[in-house]
Amino acid sequence: MGLVDRLKQEFDLHVDWLAFEIHPETPPEGMPLVKMFPRADVESMTRRLNSMGAPFGLTFQKIVNIANSRLSLEAGEFAREQGRFEQFHHAVFQAYFSQGLDIGSIEVLKQIGKETGLDAGALEKAVQTGTFRQAREEAKNEAVRLGITAAPTFIFNEKDRIVGAQPIEVFRERLKTL
């Protein structure tokens with residue numbers, strides 16, 4: 001069970017996910033991580049992510065290519081409309097971080113959709129026709145309004161926030177004070 005799921009149970013939380021495009025400048029085909037972040041220590045980053053993810057059963061593969069997440073965010077909105085957002089969201093996370101798949105690829109998104117109970121053809125049509133482009137733009141505007149500049153960002157009562165992947169204890173302490 002992931003961090004958010006544990007906290008939802010422990011504190012009876014309601015969670016809203018807001019689509020946030022981390023690197024909108026990424027071309028549709030993605031970009032090598034070393035080109036985007038020439039000084040990044042990918043090995044250390046991967047070790048740190050695996051250390052933090054281990055208590056939740058999360059494993060992270062060495063990221064070689066930064067995917068363009070635009071289509072996956074729109075596909076997520078399709079999944080939300082179909083009542084399958086949580087499943088799709090978790091599967092996209094796993095596909096990208098644990099399996100190293102390109103979540104900017106419509107073929108990858110169709111497969112994830114199919115595996116999470118969505119109609120892959122309808123997902124493809126919605127993404128290719130831009131059905132959820134406006135929803136993605138609205139989410140971007142909401143993120144700006146909320147002052148979100150990084151992912152993940154956790155906002156409590158529209159003012160208190162935790163930015164970045166943090167140990168569960170950080171969340172427990174903050175939630176006890178709300």
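## An aromatic cluster

Ring pairs join Phe60, Phe93, Tyr96 and Phe97 into a cluster. Rings of Phe, Tyr and Trp (its six-membered ring) pair if their centres lie within 6.5 Å; planes under 30 degrees apart count as stacked, over 60 as edge-to-face and the rest as tilted. The model is predicted: local features need pLDDT of at least 70, side-chain atom pairs count only at pLDDT 80 or more, and totals for chains, interfaces and linings use all residues. Residues are numbered from 1 along each chain as its sequence is written, and side-chain values use heavy atoms, leaving out hydrogens and water.

The structure holds six aromatic pairs. In one of them, the ring centres of phenylalanine 60 and phenylalanine 93 are 5.9 Å apart and the planes stand at 80 degrees, so the pair is edge-to-face. Phenylalanine 60 lies in the loop between α3 (42-53) and β2 (65-66), and phenylalanine 93 in helix α5 (residues 85-98), so the pair ties together parts 33 residues apart in sequence.

Phenylalanine 60 is buried, at 13% relative accessible area. Phenylalanine 97 is partly exposed, at 23%. Buried means under 20% relative accessible area, exposed over 50%, partly exposed in between (1.4 Å probe, protein chains only).

## One face of helix α8

Helices are DSSP runs (H or I, at least four residues), and strands too (E, at least two), numbered from the N terminus. Helix α8 (residues 133-146) has 14 residues. Its buried residues are Arg136, Ala139, Ala143 and Leu146. Seen down the axis of α8, they fall within an arc of 85 degrees (taken from the directions from the helix axis to the C-beta atoms), so they line one face. The face turned away from the buried side carries the exposed Gln134, Val144 and Arg145.

Technical notes: Expected span 1.5 Å × (residues − 1).
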